[in-house]
Amino acid sequence: MYDERVQGKASEPEYPVLEVNLSKMEYNLKKVVSICRENGIDVAWVVKGFHALLPVMELFRGSGCKFLASSRLTHLERAREQGLTGPFLLIRIPMLSEIPRLVRFVEYSLNSEPAVIRRIQEEAERQGTLHQVILMADLGDLREGFWEESRLIETAVWIENCLPNVKLAGVGTNLGCYGSVKATPEKMEALIAIAERVEERIGRRLEIISGGSTTSFPMVMNGNMPPRVNHLRIGEQIESAFTCADLGYFNDPEQAFFHQDAFVLKAEVIEVNEKPTYPVGELTVDCFGEVGTYQDRGIKKRALVGVGKVDYGYLDLMQPLEPGIKIIGASSDHTILEIEDCPREIKVGDLLSFSLTYSQIAMLTEAPLVRIEYVR
Ligand SMILES: *Cc1c(COP(=O)(O)O)cnc(C)c1O
C-alpha cells in the first residue's frame, strides 16, 4: 500500500474526501416529497447547506419538488446559469444591494422590510417583470420576520393595492434557528390565523402558507400539521437527517427511516501511537483561545487523521463510522482518535469514515482542500 502511494500516478486519490452518496440522497428526497404531497404540502428544497453542488441540485430538481431555495442569491444565480429550472426562492431577507440580481434571477423571496419591498417594486418595474414575496411573521424565534402582526397586515395590504410589480404570494415563519423555539401545531395555527386576517383584508386566498424548515417536517410525519400549511423549506432533512432522527422529534422512532449518511468524510491515518490521556506540562490556551478539559484515563492507543477544524469547522456530533473509535479532540489540521476498543488493527495509511451533521457539511462542501466524490 505504501509503495503504491509513493509510485502513484497523477490520478492517485488524495484525502480528505467528502463522499456524497447520490442514491441515499435520492431515497431521502423522494420520501420527503411523497410524504409532503400526501399532506398537500409543496416542498422548497434548500440548497445552502451543501453550497449548491450541481449534481446534488440536479437530484433535488428532479425529485418532484416545487421550488429550489437558498439563503445565498449566488447559489440560485449559479443554478439558473447551469440550466436548472425554477421557480427559485431566496430565503434570506434580500439585501438592498442585491435587489437587481434578485429580480433578474429569482421569482420568489421571503421578506420583512417595507424598504426592501419598495426597492423590489422599483427594480421589477425597471426590468418589466413581476416578483413574488412571502411575508415572514416572527412567532418567537427572534430572527427575521414582522414582530407586530398589524405591521405585517398593513404591509400585505400595501403590496396588494399599491405595488403592481410585486405579488403577495403568501406568509411564512421560521422556527428553531435562533431562539431554539420548537415548531408545534400551535405555532402553525398562529401563522394560519395571520394568513386568514390578511386574506380578509385583501379579499382573496393566499397561494402559500410556509410553515418553516426541517424542524416542521416531523409534524407532517406525525400527522399533526394543520391542513392550511401548504409549503415547507427543507434542507437538513436530506443532508444528514440528523435533526429529526437524533433529537427525538418523532413520536415513533420507527419513523426515523431516512439515510443519515448521504455525506461521509473520509480521512487518512497519519500516526498510530500509545499516549497518556492527560497532557504533560503546564496547561494554557490552545490555538483557538480555549483551555481543553482532560481526564487522566491512563495510556491509550490513538490515531491521528489528516483533517481538522479548518476543513469542517467544529466537531459537534461528528462520529466515526467504525465501532470502537472515538474522537477525543481536534486542531486546525488534525483530528485525534482513541482506537483502544477498535476490533481491527488500525495502521498508518488506512482510511477512516465519519458521519456528519449540518454545520460540518456546510463547511466541507466549500473547503478548498477537500475533494468531493460522488458515488451511487
Ligand atoms: C436555512 C433555512 C431553511 C432550511 O432549514 P433546514 O434546517 O436546512 O431545513 C428554511 N428557511 C429559512 C428561512 C432558512 O434560513
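**Salt bridges across the chain**

Lys-24 has a relative accessible area of 24%, so it counts as partly exposed (buried is under 20%, exposed over 50% and partly exposed in between, with a 1.4 Å probe and protein chains only). The model is a predicted one, so local features need pLDDT of at least 70 and side-chain atom pairs count only at pLDDT 80 or more, while totals for chains, interfaces and linings use all residues. Residues are numbered from 1 along each chain as its sequence is written, and side-chain values use heavy atoms, leaving out hydrogens and water.

What does Lys-24 pair up with? Its side chain meets that of Asp-261 in a salt bridge, 3.1 Å from N to O (a side-chain nitrogen of Lys or Arg within 4 Å of a carboxyl oxygen of Asp or Glu). Lys-24 sits in helix H2 and Asp-261 in the loop between helix H11 and strand E10, so this pair ties together parts that are 237 residues apart in sequence (helices, H or I with at least four residues, and strands, E with at least two, are DSSP runs numbered from the N terminus). Asp-261 is partly exposed too, at 24%.

The structure holds 20 salt bridges in total. Another one joins Lys-266 and Glu-19 at 2.8 Å, N to O. Here strand E10 gets tied to strand E1, because Lys-266 lies in the former and Glu-19 in the latter, 247 residues apart in sequence. Glu-19 is buried at 16%, whereas Lys-266 is partly exposed at 22%.

Glu-107 and Arg-80 also meet, at 2.9 Å from N to O. Glu-107 is in the loop between helix H5 and strand E5, and Arg-80 in helix H4, 27 residues apart.
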